[in-house]
Amino acid sequence: MKRKFETLVWLTRKRSIQFLIGVGLLYLVVFTLEIPFVFKTGFGAVTTRPPSLLSEEEDHTEEREAPTRPFKTVSNALPPSQLARRKILSGLVLNDATFDLSGKDGSFELYKLAKNAREVGLNLWQDIQSGNPRPVLKKPENRSDSCPGSVSVSGSDFSGVVGLPCGLTLGSHVTVVGKPLAAHPDFEPRISVVKEDNEPVMVSQFVVELQGLKTVDGEDPPRIFHFNPRLKGDWSEKPVIELNTCYRMQWGASLRCDGWKSKADDDTVDRLVKCEKWIRDDEDHGEESKATWWLNRLIGRTKRVTIDWPFPFSENKLFVLTLSAGMEGYHVTVDGRHVASFPYRTGFALEDATGLSLAGDIDVHSIFAASLPSSHPSFAPQRHLEYSTRWCAQPLTGSGVELFIGILSAGNHFAERMAVRKSWMQHRLIKSAKVVARFFVALSPRKEVNAELKKEAEFFGDIVIVPYLDNYDLVVLKTVAICEYGVSFSAKYIMKGDDDTFVRVDAVINEARKVPDDKSFYIGNINYYHKPLRYGKWEVTYEEWPEEDYPPYANGPGYILASDIARYIVSEFEMHKLRLFKMEDVSMGMWVEQFNRTKPVHYSHSLNFCQFGCIEDYYTAHYQSPRQMMCLWDKLQRKTRPQCCNMR
């Protein structure tokens with residue numbers, strides 16, 4: 001019995017060994033066949049998960065690129081979905097009949113400008129289509145693309161603006177040696193209201209500004225830093241220094257230094273106060289009592305004496321002003337003494353400050369800038385555009401689009417468009433083509449920018465080019481083009497925004513869905529009873545707008561229309577009956593008011609369509625820099641409640 005048992009165990013072990021050998025041979029055969037298959041198709045081709053659209057949460061957590069899809073710049077290769085996309089040129093018809101120069105409705109100058117811009121734009125577009133545009137500037141092999149580390153300009157050579165080729169970087173500083181001119185009479189009505197009699201106001205003031213690049217004709221360059229000493233004061237009638245920024249022709253909240261030191265609880269900038277103290281005329285520090293005043297301050301004091309300095313600028317007295325870039329903001333010293341510090345504002349980076357401007361009552365002796373960055377400026381499109389199919393637009397299906405979002409942009413806003421693609425345009429509703437978003441861009445006078453723009457449009461499939469030379473007063477044409485594009489594939493709702501506007505897609509479409517389907521609507525941050533300005537930078541003449549009030553209109557950074565209003569606008573434009581005005585948001589309010597005469601329009605006002613910056617629970621947030629766009633998107637993925645990004 002024992003022998004039989006041992007024999008059975010031996011046979012069992014033998015069969016087990018034979019089975020294991022068989023499994024091993026099978027594994028070797030399979031492994032041998034698998035290797036060439038993997039190397040031929042790539043590792044990414046072997047997967048057990050079917051392809052699907054990423055949700056917002058999945059898209060956020062997947063921050064690393066797949067091994068088989070490394071970043072690389074493609075040349076002229078287009079993604080397969082390009083075949084299903086609409087052509088990149090707008091279908092809006094711009095011809096001689098569109099811009100009637102009869103002077104109707106006081107629009108002669110605007111139509112004349114538009115007609116010229118169309119002619120120039122068509123020539124630019126033909127150059128691009130011909131394949132022979134001016135080539136994009138490339139670095140010669142025997143030259144460096146570095147910028148100078150310093151810039152020096154004498155007063156005799158100064159023409160108003162000094163170029164800073166690569167902008168500024170941390171530690172950069174600019175020194176200005178100059179002399180404020182003597183005060184002169186000024187009859188400006190907005191200043192002379194301080195005076196009760198008929199005597200003119202005496203004025204001596206100048207401006208030192210760091211400026212960015214102008215992107216569109218008719219639009220002033222951005223003021224990245226504005227420093228304005230007023231030696232004779234303004235409405236306060238005391239010497240004052242005002243600091244500010246101006247982003248896309250909109251001034252921010254000013255910082256006024258009027259002689260009082262910033263309070264202890266105020267935020268500092270790199271541990272320096274925003275405003276230093278100086279002697280004011282109302283502090284009784286006259287010449288006759290100066291010795292007594294100093295004696296009273298010194299007698300009996302055991303602690304350090306706080307010294308009050310006079311106002312840092314005097315008429316016909318030479319000064320040395322140094323502007324430096326710190327970690328948290330700009331710092332201004334005059335004759336070696338710290339005067340003011342100004343925190344960095346959102347929307348700008350140090351490298352954007354590509355010019356120093358001086359104007360006003362000042363005699364400039366010399367300007368010197370040092371510790372400047374040596375790298376190429378960031379407005380090169382190659383630095384911003386990431387040619388990956390991940391960011392390409394979804395192909396249009398021709399039906400089922402609930403909301404179309406038209407985004408106004410300028411030719412060289414490469415960074416802004418890329419930030420939008422990577423942030424709110426990754427929303428699941430856009431990924432599923434339920435919502436469609438497109439950039440509307442006119443042509444730049446720089447042919448190399450247009451060549452890059454066309455390449456960008458053909459690859460990403462989300463740009464519509466309106467063929468006219470871009471101009472600030474002609475933005476209204478892009479708005480009409482947005483309506484035409486949205487109507488062409490029967491979008492239910494149409495929205496207009498800017499490329500510095502962050503859109504909460506789900507919140508916006510929910511606002512539109514609240515209105516019954518049989519009602520026309522106009523939703524946004526609506527202004528009522530606004531009056532045109534008859535003087536100043538934003539002057540509107542009576543010929544341009546004879547009425548005393550504007551119609552109710554939604555602020556331009558973000559508003560929504562029912563499709564029947566958009567169809568009316570396109571129809572009126574095609575019949576050359578649509579009145580155009582240089583302010584596109586006012587124009588839209590005017591068109592909606594005209595439509596309202598035949599069919600009632602539901603007006604819906606909400607402050608959540610932010611005109612300036614961002615508020616909690618926003619629907620749209622305006623003036624958001626590319627970094628803020630990414631921050632808002634990141635917060636939207638991680639938070640249950642929308643929160644703003646106040647990063648610098």
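This is a predicted model: local features need pLDDT of at least 70, side-chain atom pairs count only at pLDDT 80 or more; totals for chains, interfaces and linings use all residues.
Local features need pLDDT of at least 70, side-chain atom pairs count only at pLDDT 80 or more, and totals for chains, interfaces and linings use all residues. Residues are numbered from 1 along each chain as its sequence is written, and side-chain values use heavy atoms, with hydrogens and water left out.

**View A. Helix H11 and its surroundings.** Welcome to H11, residues 563-574 (helices, H or I, have at least four residues and strands, E, at least two; both are DSSP runs numbered from the N terminus). Nine of its twelve residues are buried, so H11 is largely enclosed by the rest of the structure (buried means under 20% relative accessible area, 1.4 Å probe, protein chains only). Among them are Tyr568, Ile569 and Phe573. The partners that the buried residues pack against include helix H9 (475-488) and strand E22 (553-562). After H11 comes His576, with a positive phi near 60°.

**View B. The Cys257 to Cys275 disulfide.** The sulfur atoms of this pair are 2.0 Å apart (a disulfide is a pair of cysteine sulfur atoms within 2.5 Å). The S-S torsion of Cys257 and Cys275 is about -70°, so the link is left-handed. Both Cys257 and Cys275 are buried.

**View C. The Cys631 to Cys645 disulfide.** Here, too, S to S is 2.0 Å. The link of Cys631 and Cys645 is left-handed, with -85° about the S-S bond. Cys631 sits in helix H13 and Cys645 in the segment after H13, 14 residues apart.

**View D. Cys610, a cysteine in no disulfide.** Its nearest cysteine sulfur, that of Cys614, is 5.6 Å away. Cys610 counts as buried at 4% relative accessibility.

How values were computed: The expected span of a helix is 1.5 Å times one less than its number of residues. Buried means under 20% relative accessible area, exposed over 50%, partly exposed in between (1.4 Å probe, protein chains only). Contact means heavy atoms within 4.5 Å.
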